[in-house]
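Colleague: I would like a close look at a single part of this model. Please take the helix packing and walk me through it.

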Amino acid sequence: FLGTGFATFQDIFPTYRNPTCDRASIAWHRAHNSFLEFYLGMGLPGLILLGSISAICMQKIIHGLKVRRRMKSVLIALIGAVLFVAVHSMVDFPLQIPGIAMYFSALLGVGVSFCLTNSGRHAKRRRSDVKSGQKVTRAPNVMPEP
């Protein structure tokens, strides 16, 4: 229920596998499923935490798809990347490879922040200022004298 700890798969798995299935010289170091490996390490509380974080990220991405008017293709690509990594994690362990995990984390972080920035509320306020005839003044670009 609470998991056995990370990097314990090779110690735990021999008690559950049938020894007649393969040669005794084969060493199993990882489960070929990232979710099972995570469940083995963290247990049910870890899976609940992972599911909650995944649901929040997908909720933010879907909100970004509804609100953003431009560059929705970035969010569609992000959804594709999240689904690809999730499906691939069911048959292999891509997120245990540091290069894939770093690129995926960077893509997910930038994508979710992209959903939260420049949302419809701020864009509507700027458009209403322009429509009402208010002139937006900006500070001039003045270079300091040397």
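**Helix packing**

Modeller: Helix 3 passes helix 4 in a left-handed crossing. This is a predicted model, so confidence comes up further down. Start with this pair. The axes of helix 3 and helix 4 (residues 98–116) come within 10 Å. They cross at roughly 140 degrees. That makes helix 3 oblique to helix 4, because an angle has to be over 145 degrees to count as roughly antiparallel.

Now the side of helix 3 that takes part. Val74, Leu75, Leu78, Ala81, Val82 and Val85 of helix 3 meet residues of helix 4. Their partners in helix 4 are Phe104, Leu107, Leu108, Gly111, Val112, Phe114 and Cys115. By class, the contact of helix 3 with helix 4 has twelve nonpolar residues, one polar and no charged.

Next, turn to helix 2 (residues 34–67) and helix 3 (residues 72–91). These two pack at an angle of about 165 degrees. Their axes are 12 Å apart. That makes helix 2 roughly antiparallel to helix 3. The crossing of helix 2 past helix 3 is left-handed. Helix 2 brings Ser34, Phe35, Met58, Ile61, Gly64 and Leu65 to the contact. Helix 3 brings Lys72, Leu75, Ile76, Leu78, Ile79, Val82, Ala86, Ser89 and Met90. Eleven residues of this contact are nonpolar, three are polar and one is charged.

The remaining pair is helix 2 with helix 4. Their axes come within 8 Å and cross at roughly 50 degrees. Helix 2 and helix 4 are therefore oblique to each other. Helix 2 passes helix 4 in a left-handed crossing. On helix 2, the contact residues are Cys57, Lys60, Ile61, His63 and Gly64. On helix 4, they are Leu108, Val112, Cys115 and Leu116. This contact of helix 2 with helix 4 counts six nonpolar, two polar and one charged residues.

A search of the whole structure finds one aromatic pair. The rings of Phe6 and Phe38 have their centres 6.1 Å apart and their planes at 40 degrees, so the pair is tilted. Phe6 lies in the segment before helix 1 (9–12), and Phe38 lies in helix 2. The two are 32 residues apart, so the pair links distant parts of the chain.

Finally, confidence. The protein chain averages a pLDDT of 78. Of the residues, 73% score at least 70. Among the elements of the chain, helix 2 has the highest mean pLDDT, at 88. Helix 5 (residues 120–131) has the lowest, at 51.

Note on methods: Residues are numbered from 1 along each chain as its sequence is written. This is a predicted model: local features need pLDDT of at least 70, side-chain atom pairs count only at pLDDT 80 or more; totals for chains, interfaces and linings use all residues. Side-chain values use heavy atoms; hydrogens and water are left out. Axes are lines fitted to C-alpha atoms, for helices over the stretch in contact, and angles run from 0 to 180 degrees between N-to-C directions. Helices (H or I, at least four residues) and strands (E, at least two) are DSSP runs, numbered from the N terminus. Angles under 35 degrees count as roughly parallel, over 145 as roughly antiparallel, 65 to 115 as roughly perpendicular and the rest as oblique. A crossing is left-handed if the near helix is turned anticlockwise from the far one by less than a right angle, and right-handed if clockwise. Contact means heavy atoms within 4.5 Å. Ala, Val, Leu, Ile, Met, Phe, Trp, Tyr, Cys and Pro count as nonpolar, Asp, Glu, Lys and Arg as charged, and the others, Gly among them, as polar. pLDDT is the predictor's confidence in each residue, from 0 to 100. Rings of Phe, Tyr and Trp (its six-membered ring) pair if their centres lie within 6.5 Å; planes under 30 degrees apart count as stacked, over 60 as edge-to-face and the rest as tilted.
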